[in-house]
Amino acid sequence: KQSPSLTHSSSLSMPLRTALEATRVAGKGFAFVYTSAGDILQSNDADMRGKSLTDYPFGQTLLGQKNGVADYVAGQTPKKALVRYFEPWDWYGALGLDVADLDQGMGPRLREAAGMSAGAAVAVGVLLALLASRFVTRPLRRAEAAARRIAAGDHSLRLAEGAVEVGRLARAMNAILDANEQAARIHANYA
C-alpha cells in the first residue's frame, strides 16, 4: 500500500497537527501518526515529526501493537499509549501519557471510589445493626422481662417462640414454666 504523506499535504497536515496538539491536557500527553514502516507523519512533538519510530528504542513496541495499549519506556519514563490502526491509509495513531501522569489523574478517582465504597459499607453496617436489633435484641428484652415476671411469681405467661437461638431460649423458658405449672398442680392436689 502507498501511504499518503502528511508532511507534503498542507490540506491535511495543519488540521491533523492542530488536532494532535489538542490531545495535550495541561501540557501533558503525546500523540502521533505513523505508517506501518514506522515513518512518523505527524506529531504534537515537533522533534519527532519526519523521523521514524525505528530511531527510538521504544519504536518496535509501538510497531508491534496494532490496536490496544502499548506499555513502554522512553528515556527513563514509563509510558502508556493507546494505538489504533487505520487500514485504508496504513496509518497508526498513538495517544498516550507518562504512567506517573496517568496515576496522578487516577488518584482522585480512586479516592472518590474508595469514599463511595466506605459509605456503602457504613450503610450496610447500619442496616445489619437495625436487623440485629429487630430480630435479636427485642426478643432478648422480652425474654428478660418474662424472666423478671417469673421471678416475681407470674407463671401464667408464655413467650413467642422462633426458629433461631432466641426462639430456642423462649421454648426452653416455656418448658420450664410448663414444668413449674404442672408441679404446682400436683402440689395443689396433695395439699
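Which residues have the most contacts inside the largest nonpolar core? In this predicted model, they are F32, Y34, L53, F58, L62, Y72 and V83, in a core of 17 residues. At least two residues of this core come from each of β1 (30–35), α2 (59–63), β3 (68–74), β4 (77–86) and β5 (91–98). In soluble globular proteins, nonpolar side chains tend to be buried together.

| Residue | Relative accessible area | State |
|---|---|---|
| F32 | 2% | buried |
| Y34 | 0% | buried |

Both values count as buried because the cut-off is under 20% relative accessible area.

The rings of F32 and Y34 also form an aromatic pair, which is tilted, with 5.7 Å centre to centre and 40° between the planes. The count of aromatic pairs is seven. Ring pairs join F30, F32, Y34, Y56, F58, Y72, Y85 and Y92 into a cluster. Apart from neighbours within four places in sequence, Y72 is in contact with F30, F58, T61, L62, T77, P78, K79 and A81.

The strands form an open sheet of five, in the order β2-β1-β5-β4-β3, with antiparallel pairing. β2 (40–43) and β3 are the edge strands, each pairing on one side only. On average, neighbouring strands of the sheet are turned by 25° against each other, direction ignored. β1 and β2 run antiparallel and are joined by three bridges. The bridge partner of F32 in β2 is S43.

How values were computed:
Residues are numbered from 1 along each chain as its sequence is written. This is a predicted model: local features need pLDDT of at least 70, side-chain atom pairs count only at pLDDT 80 or more; totals for chains, interfaces and linings use all residues. Side-chain values use heavy atoms; hydrogens and water are left out. A nonpolar core is a set of buried Ala, Val, Leu, Ile, Met, Phe, Trp, Tyr and Cys residues joined through side-chain atoms within 4.5 Å. Buried means under 20% relative accessible area, exposed over 50%, partly exposed in between (1.4 Å probe, protein chains only). Helices (H or I, at least four residues) and strands (E, at least two) are DSSP runs, numbered from the N terminus. Contact means heavy atoms within 4.5 Å. Two strands pair if DSSP finds at least two bridges between them. Axes are lines fitted to C-alpha atoms, for helices over the stretch in contact, and angles run from 0 to 180 degrees between N-to-C directions. Rings of Phe, Tyr and Trp (its six-membered ring) pair if their centres lie within 6.5 Å; planes under 30 degrees apart count as stacked, over 60 as edge-to-face and the rest as tilted.
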